[in-house]
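Morning, everyone. Let's get the structure up on the screen and walk through it.

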Amino acid sequence: FQEDLRRLFERIAIWGLRRQAPRHGEDEVDILVSCAARLAQQRTGAIIVMSGREPLDRHLEGGTTLQGQLSEALLLSLFETSSPGHDGAVILRGSEVVRFGAQLPLSNDWDRLGRAGTRHAASLGLAERTDAFCIVVSEERGLISTAEQGELTVMSSPEALASSLRGFIARRDPAEVRRRSRLSPRRVAQRTAEGAIAVIIA
C-alpha cells in the first residue's frame with residue numbers, strides 16, 4: 001500500500017510540473033465533463049465532490065490528503081482500480097484536488113435512491129448535509145448522476161452535466177461570474193490574443 005502511494009505521488013508531482021492551473025470555471029467544467037464521460041464509458045465507478053462554501057471535513061472519514069492540480073489525467077489515475085482509495089471520493093476545492101479515498105455519509109432516502117448503489121447513497125448523503133456538488137459514475141450501468149441540495153439527478157448527456165456544473169460554479173462564486181460577465185467583447189478578444197501570444201512565445 002505504501003509503495004502504491006509513493007508511485008501515485010510521484011506521478012502527481014510530474015503532472016504538477018507539466019501543467020499550469022486551469023482558468024477559473026470553464027476549464028474546471030471541461031475537465032470534469034470529459035473525465036466523467038471517460039469513466040462512464042469504461043464502467044469505472046467514481047465520486048467527485050466539488051466543495052461549496054460550507055466546510056466538509058466533519059462529514060468526511062478517512063482518505064489521503066493531497067495538493068494536486070486538477071487535471072483529467074490525475075482524476076483518472078485516482079480512480080484506477082489498482083489505485084489505493086479508488087472506492088472513495090475525490091474532494092476538490094476550486095481547481096485543486098485536496099483529498100482522495102474519502103468516505104462520505106450515507107443517505108437513507110430510499111425514495112430518491114431507488115435501486116442505486118452505495119456511491120449514489122454516499123453522494124446524496126453529502127448533498128443532504130452540505131452545499132457540495134457531487135458527480136457520481138455508476139460502474140454497473142455506466143451512467144453519470146449528480147447530487148446537489150438533497151436531490152439526485154441522472155444526467156441525460158455530457159452537455160447536461162456541463163450545464164449543471166456551470167450553475168453550481170455560478171452559485172458558489174457569483175462575484176467571479178459577475179466580473180467575467182462585465183468584460184466587453186473587445187476586452188475578451190484582447191485577453192484571448194494575449195493568451196495566444198503567450199503560448200507562441202512559450
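This is a predicted model: local features need pLDDT of at least 70, side-chain atom pairs count only at pLDDT 80 or more; totals for chains, interfaces and linings use all residues.

I'll take a central strand, then an aromatic pair, then the cysteines.

Start with strand β1, residues 46–50. Are its residues buried or exposed? Five of the five are buried, so β1 is largely enclosed by the rest of the structure. Look at the side chains. Ala46, Ile48 and Met50 point one way. Ile47 and Val49 point the other way. Both sets are buried.

Now the neighbours of β1. Which strand runs antiparallel to β1? That is β5, residues 133–137, joined to β1 by five bridges. Within that pairing, Ala46 stands opposite Val137. β1 also pairs with β3, residues 89–93, this time in the parallel sense. Four bridges make up that pairing. Find Val49 here: its bridge partner in β3 is Ile91.

Next, aromatics. How many aromatic pairs does the structure hold? One. The rings belong to Phe133 and Phe168, with centres 5.3 Å apart. Their planes sit at 35°, so the pair counts as tilted. Phe133 lies in strand β5 and Phe168 in helix α6, residues 158–172. The pair therefore ties together parts that are 35 residues apart in sequence. Phe133 and Phe168 are both buried.

Last, the cysteines. Cys35 has 0% relative accessibility, so it counts as buried. Cys134 is buried too, with a relative accessible area of 0%. And disulfides? A pair of cysteine sulfurs must lie within 2.5 Å to count as one. By that rule, the count is zero.

Technical notes: Residues are numbered from 1 along each chain as its sequence is written. Side-chain values use heavy atoms; hydrogens and water are left out. Buried means under 20% relative accessible area, exposed over 50%, partly exposed in between (1.4 Å probe, protein chains only). Helices (H or I, at least four residues) and strands (E, at least two) are DSSP runs, numbered from the N terminus. Two strands pair if DSSP finds at least two bridges between them. Rings of Phe, Tyr and Trp (its six-membered ring) pair if their centres lie within 6.5 Å; planes under 30 degrees apart count as stacked, over 60 as edge-to-face and the rest as tilted.
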